[in-house]
Amino acid sequence: MKLNKLEFWAMNSPVRAFIQDRYELKILRSMSSVKNPDRVLEIGCGNGRGSKLIKKYFSPEKIIGIDLDERMINKAVKRNQDTSISFQVMDASKLDFPDEYFDAVFDFGIIHHIPNWKDCLDEIKRVLKPNGELVLEDLSIFSFTKGIGKFWRIISDHPYQSMYTPAQFTEFLNEIGFTIENYKESNPFRFAKFFSLNAKKNI
């Protein structure tokens, strides 16, 4: 799903940048064993900030960032000076990449936006190499049932009817052939419940 005007503003705000840099990356770095990979994918790359942080902390040779929203990709392209990073408009549930193409796939809070999230995870599995790693921080339906999450549910456009619980998400990963290496739930700034994990594609 594409972002509405309020979500678009929020995802390009300094607050979002702070959370991504100071909170999300700290957790994912502590969880993941990814180090100097050849080629990685970031789904829902937004304005490109996440890809730059992936380059800084995980040192891949090449990063491809994709987003369904052309506005975001335009921002990412304009801001990018690194030739090892490229951006494309693409649906994360219909990836236009060969099988076993990436060493790792990163997600900074995007999969909960996708109505057919199982198709997205199937595609991630397909494009990952054997032992390739999925590294993510995301939200679940529980994130929108209490506190400020209830307010955010009113003003944001999300596929709430098809959104998963953390248990449903991790169970499906296991079903399709991932082994979850690390898993953590948290509630930063009393904002919403997040879950973070890294999972390896089985051989």
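## Salt bridges

This predicted model contains 5 salt bridges, a salt bridge being a side-chain nitrogen of Lys or Arg within 4 Å of a carboxyl oxygen of Asp or Glu. Let's start with K55 and D82, whose closest N and O atoms are 3.0 Å apart. K55 sits in helix α3 (residues 49-58) and D82 in the loop between α4 (70-79) and β3 (85-89), so this pair ties together parts that are 27 residues apart in sequence. Helices (H or I, at least four residues) and strands (E, at least two) are DSSP runs, numbered from the N terminus. K55 is partly exposed at 25% relative accessibility, and D82 is partly exposed with a relative accessible area of 25%. For these labels, buried means under 20% relative accessible area, exposed means over 50%, and partly exposed lies in between (1.4 Å probe, protein chains only).

Next come R126 and D99, whose side chains meet in a salt bridge at 2.8 Å, N to O. Helix α5 (residues 117-127) holds R126, while D99 lies in the loop between β3 and β4 (102-108), so here too the pair ties together parts that are 27 residues apart in sequence. R126 is partly exposed, with a relative accessible area of 23%, whereas D99 is exposed at 52%. Salt bridges with shared partners join D99, E123 and R126 into one network.

A polar atom of the D67 side chain lies 2.8 Å from the backbone nitrogen of D69. A polar contact is a pair of N or O atoms within 3.5 Å; within protein, one must be able to donate a hydrogen and the other to accept it, and residues adjacent in sequence count only if both atoms are side-chain atoms.

R71 does have a partner: its side chain and that of D69 meet in a salt bridge of 2.6 Å, N to O. D69 is buried at 4% relative accessibility, while R71 is partly exposed at 35%. Leaving aside residues up to four places away in sequence, D67 touches G44, C45, G46, M72, I73, Q88, V89 and M90, where contact means heavy atoms within 4.5 Å.

## Strand β7 and its partners

Buried or exposed: how do most residues of strand β7 (residues 194-201) count? The strand is mostly covered, with 7 of its 8 residues buried. Strand β5 (residues 128-139) runs antiparallel to β7, and 7 bridges join the two. Across this pairing, V135 stands opposite N198 of β7.

Strand β6 (residues 178-186) also pairs with β7 in the antiparallel sense, over 8 bridges. Here I180 stands opposite A199 of β7. Two strands pair if DSSP finds at least two bridges between them.

## Positive phi angles

The phi of S59 is positive, near 55°. S59 is in the loop between α3 and β2 and is partly exposed, with a relative accessible area of 33%.

N131 has a positive phi of about 70° although it is not a glycine. N131 is found within strand β5 and is partly exposed, at 44% relative accessible area.

## Cysteines

How many disulfides does the model have? The count comes to 0, a disulfide being a pair of cysteine sulfur atoms within 2.5 Å. C45 is buried, with a relative accessible area of 4%, and C120 is buried at 0%.

## The chain as a whole

The protein chain has 7 helices and 7 strands, in the sequence pattern α-α-β-α-β-α-β-β-α-β-α-α-β-β. Of its 203 residues, 55% are buried. Among contacts with a separation of 6 or more, 69% come from residues 24 or more positions apart.

Because the model is predicted, local features need pLDDT of at least 70 and side-chain atom pairs count only at pLDDT 80 or more, while totals for chains, interfaces and linings use all residues. Residues are numbered from 1 along each chain as its sequence is written, and side-chain values use heavy atoms, with hydrogens and water left out.
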